[in-house]
Amino acid sequence: MILIAGATSTITAITGIGGGLMLIAIMPGFLPAAAIIPVHAVVQLFANSSRALFGWRFLRWEFVLAFIGGSILGGGIAAGITREINLEYTPLLIAAYILFTTWGPTRVFNKPLPGEFVAIGAVQTGLSMLVGATGPMSQAALMARGLKRDALVVSGALMTTFTHLTKVLLFALLGFSFIEYWQLILGMSSAVIVGALIGTRLRYRVPEALFLRILRWVLTLLALRMIFLTLS
């Protein structure tokens with residue numbers, strides 16, 4: 001799990017998306033269902049914050065600050081919903097989200113919408129409480145703004161940092177015991193920081209089009225694996 005966390009962090013630092021989805025797709029079968037999203041949230045908090053730190057010069061704060069406001073709102077609403085959900089079937093929600101994100105329609109914006117990133121922050125963080133990895137939502141909106149690769153990767157990373165920070169705080173308030181998994185969390189968090197540094201250095205050395213094509217099929221296979229493990 002530590003090696004996988006480092007590898008997925010490297011992938012995300014190169015492409016901007018995909019690593020968090022890959023990691024959460026692999027976690028079922030290694031951890032109890034109720035621990036998957038909380039542990040993933042802590043690890044991704046370190047992965048995204050380090051990626052944002054390594055490229056802080058490219059941050060677009062006008063988008064990030066609006067997103068943070070929505071993130072707090074959406075996370076608070078979702079915290080109440082998680083109490084009523086049978087987490088045994090959480091992997092099925094995760095798999096469905098991965099397949100939709102990978103093969104679903106691409107969202108296209110013709111012009112900025114009022115409160116767009118506030119709404120995206122609320123939806124992304126709220127949904128992330130349930131399915132774990134929702135970073136592609138904000139990435140789609142940033143891409144539509146015409147951001148260059150560094151600004152897109154780094155701004156998306158800081159947005160997702162606040163999504164996972166909100167989740168960690170809310171899961172702690174809901175009573176999840178992070179201390180039970182401290183060794184795994186420490187190892188995986190250290191690995192994702194190293195992965196973020198390596199990926200930042202390799203970002204322009206990997207052909208993006210080919211890499212994303214391969215990534216799409218890897219994510220699909222991982223989602224199918226999650227469905228099989230949950231239903232078998």
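1. Start with α1 and α9. In this predicted model, helix α1 (residues 2-15) packs against helix α9 (residues 182-202) at an angle of about 30 degrees, with the axes 7 Å apart. That makes the pair roughly parallel, because angles under 35 degrees are classed that way. The axes here are lines fitted to C-alpha atoms, for helices over the stretch in contact, and angles run from 0 to 180 degrees between N-to-C directions. The crossing of α1 and α9 is right-handed (the near helix is turned clockwise from the far one by less than a right angle).

2. Who touches whom there? On the α1 side you'll find Ile2, Ala5, Gly6, Ser9, Thr10, Ala13 and Ile14, and their partners in α9 include Gly187, Ala191, Gly195 and Gly199. Contact means heavy atoms within 4.5 Å. By class, the residues of this contact come out as ten nonpolar, seven polar and no charged. For that count, Ala, Val, Leu, Ile, Met, Phe, Trp, Tyr, Cys and Pro are nonpolar, Asp, Glu, Lys and Arg are charged, and the others, Gly among them, are polar.

3. A word on ground rules. Numbering starts from 1 along each chain as its sequence is written, and side-chain values use heavy atoms, with hydrogens and water left out. As this is a predicted model, local features need pLDDT of at least 70 and side-chain atom pairs count only at pLDDT 80 or more, while totals for chains, interfaces and linings use all residues.

4. Overall, the protein has ten helices and zero strands. Both are DSSP runs numbered from the N terminus: H or I of at least four residues for helices, E of at least two for strands. Of the 232 residues, 53% count as buried (under 20% relative accessible area; exposed is over 50%, partly exposed in between; 1.4 Å probe, protein chains only). Among contacts between residues at least 6 apart in sequence, 83% join residues at least 24 apart.

5. Now the other helix pair, α3 and α8. Their axes come within 8 Å and cross at roughly 145 degrees, and the crossing is left-handed (the near helix turned anticlockwise by less than a right angle). Among the α3 residues in the contact are Gln44, Leu45 and Arg51, while α8 brings in residues including His164, Leu165 and Lys167. The contact has 13 nonpolar, seven polar and two charged residues.

6. Gln44 deserves a look. It sits in α3 and, at 6% relative accessibility, counts as buried. Leaving aside residues up to four places away in sequence, Gln44 touches Gly20, Leu23 and His164. Two of these names, Gly20 and Leu23, are among the buried residues of α2, a helix with eight of its eight residues buried.

7. Of its 39 residues, Val39, Ile98, Phe176, Phe178 and Tyr181 touch the most other members. Helix α3 gives the largest share, eight residues. Val39 touches Met27, Leu31, Phe176, Tyr181 and Ile185, not counting residues up to four places away in sequence.

8. Apart from that core lies another, of 17 residues, including Val64, Ile68, Leu152 and Ala157. Ile68 belongs to α4 and is buried at 15% relative accessibility.

Notes
Parallel < 35°, antiparallel > 145°, perpendicular 65-115°, else oblique. Core = buried A, V, L, I, M, F, W, Y, C linked by side-chain atoms within 4.5 Å.
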